[in-house]
Amino acid sequence: MGSSADLHVHTSYSDGMYSPTELVRMAREVNLKAIAITDHDTVAGLKEAKLAGKEIGLEVVAGVELSCELNDNEIHMLGYFAPGKEDKLEERLEWYQAKREERAFEIIDRLNRKGVKIDIGEVRHFSTGKSIGRLHVAKALMANGSARSIHEVFHRYLGPDAVAYVPKAKLSIKEAVEFIHEHHGVAVIAHPGMYRINDAVEQTLEYLDGIEVWYPEHSPSFEDHLYALAIKNRLIATGGSDYHGVGRNHIGCVRVPYAVVTRLLEVAVGV
Ligand SMILES: [Zn+2]
Ligand SMILES: [Zn+2]
């Protein structure tokens with residue numbers, strides 16, 4: 001059995017291509033000892049993953065990737081959790097999803113008041129996953145002839161200064177980390193090299209338990225920089241493939257020693 005872990009994997013429960021069971025099988029094939037399932041804003045795929053892991057002999061770590069906001073930049077925060085908290089977690093995450101849906105209702109309401117006919121059914125028609133967002137509203141507006149292009153949709157209806165503009169309700173870094181800690185989780189900033197700002201770690205240091213140092217798109221020198229930051233601030237250094245099933249990455253293409261999993265779970269139990 002392998003002795004390494006891939007701590008960033010997406011299933012079909014968020015925007016990944018493969019089911020949790022398929023991913024567990026693939027992970028076993030590439031000789032991983034553990035994977036963390038880190039779907040966007042949901043832990044609904046965990047149950048299946050854990051079952052498959054038990055059968056196949058692969059450890060599945062409970063995780064989630066939360067979108068949050070830092071001065072108008074979208075930042076992703078990974079949470080890793082001690083075993084046994086999944087149900088409570090999912091309940092709370094659904095509450096956040098409902099909050100996001102409220103935005104779609106508000107947009108529809110404003111459009112209707114401006115005489116633009118559209119209803120929630122038309123919008124849902126364009127949403128495959130659980131949650132609905134602005135892009136689904138845009139597609140529905142084009143489908144019913146209210147606009148001819150995405151550009152027109154945003155210019156006339158949905159963009160800033162347009163008639164039905166409703167800003168996105170995002171978690172702040174503080175809220176996301178508090179959420180993770182409330183559920184006995186460890187907060188790790190995801191892929192710091194993928195943001196429009198390159199000092200996301202420095203700006204969020206006070207909240208973090210860990211940094212995702214090793215990542216497919218990070219350069220070796222940036223990884224060195226992140227690792228030094230982690231050591232200096234006594235944070236856990238993690239890594240993962242962010243595998244979604246498409247593109248050139250594969251599961252386990254970035255892996256960390258299993259000792260990192262042990263450390264994450266120790267801290268998760270302690271917080
Ligand atoms: Zn991400
Ligand atoms: Zn991800």
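In this predicted model, strand 4 and strand 6 (residues 185–189) pair in the antiparallel sense over five bridges. Strands are DSSP runs of E with at least two residues, helices are DSSP runs of H or I with at least four residues, both numbered from the N terminus, and two strands pair if DSSP finds at least two bridges between them. Strand 3 (residues 59–70) also pairs with strand 4 in the antiparallel sense, over nine bridges. The table gives one residue pair from each pairing.

| Strand pairing | Bridges | Facing residues |
|---|---|---|
| Strand 3 and strand 4 | nine bridges | C68 and I75 |
| Strand 4 and strand 6 | five bridges | M77 and I189 |

Strands 3 and 4 form a hairpin with two residues between them, and N71 in the turn has a positive phi of about 45 degrees. Strand 4 covers residues 73–81, of which eight of nine are buried; buried means under 20% relative accessible area, exposed over 50% and partly exposed in between, with a 1.4 Å probe and protein chains only.

The zinc ion (ligand 2) is coordinated at 2.1 to 2.2 Å by H8 (NE2), H10 (NE2), E65 (OE) and D242 (OD). Donors are N, O and S atoms within 2.8 Å of the metal (3.2 Å for Na, K and Ca), and sites may look incomplete because water is not among the atoms. The arrangement is irregular because the four donor atoms subtend angles of 80 to 172 degrees. Four donors count as tetrahedral if all angles lie between 85 and 135 degrees; four count as square planar and six as octahedral if opposite donors are over 155 degrees apart and all others between 65 and 115, and anything else is irregular. E65 coordinates both this ion and the zinc ion (ligand 1), and the two ions are 3.6 Å apart. H10 is buried at 1% relative accessible area, and D242 is buried at 11%.

The search of the whole structure finds one cavity of 30 Å³ or more. D41, L66, L93, Y96, R100 and L171 line the largest cavity, and helix 3 (residues 86–113) gives the most to this lining, with three residues. A cavity is a set of points, on a 1 Å grid over the protein atoms alone, where a 1.4 Å probe fits but cannot get out; lining residues have an atom within 4 Å of a point.

Residues are numbered from 1 along each chain as its sequence is written, while chains are lettered from A and ligands numbered from 1 in the order in which they are written. Local features need pLDDT of at least 70, side-chain atom pairs count only at pLDDT 80 or more, and totals for chains, interfaces and linings use all residues, with side-chain values using heavy atoms and leaving out hydrogens and water.

How values were computed. 1 Å grid on protein atoms, 1.4 Å probe; cavity = no way out; pocket = protein on both sides within 12 Å on 5 of 7 lines; lining within 4 Å. Points joined across faces, edges and corners; volume = space filled by probe spheres on them.
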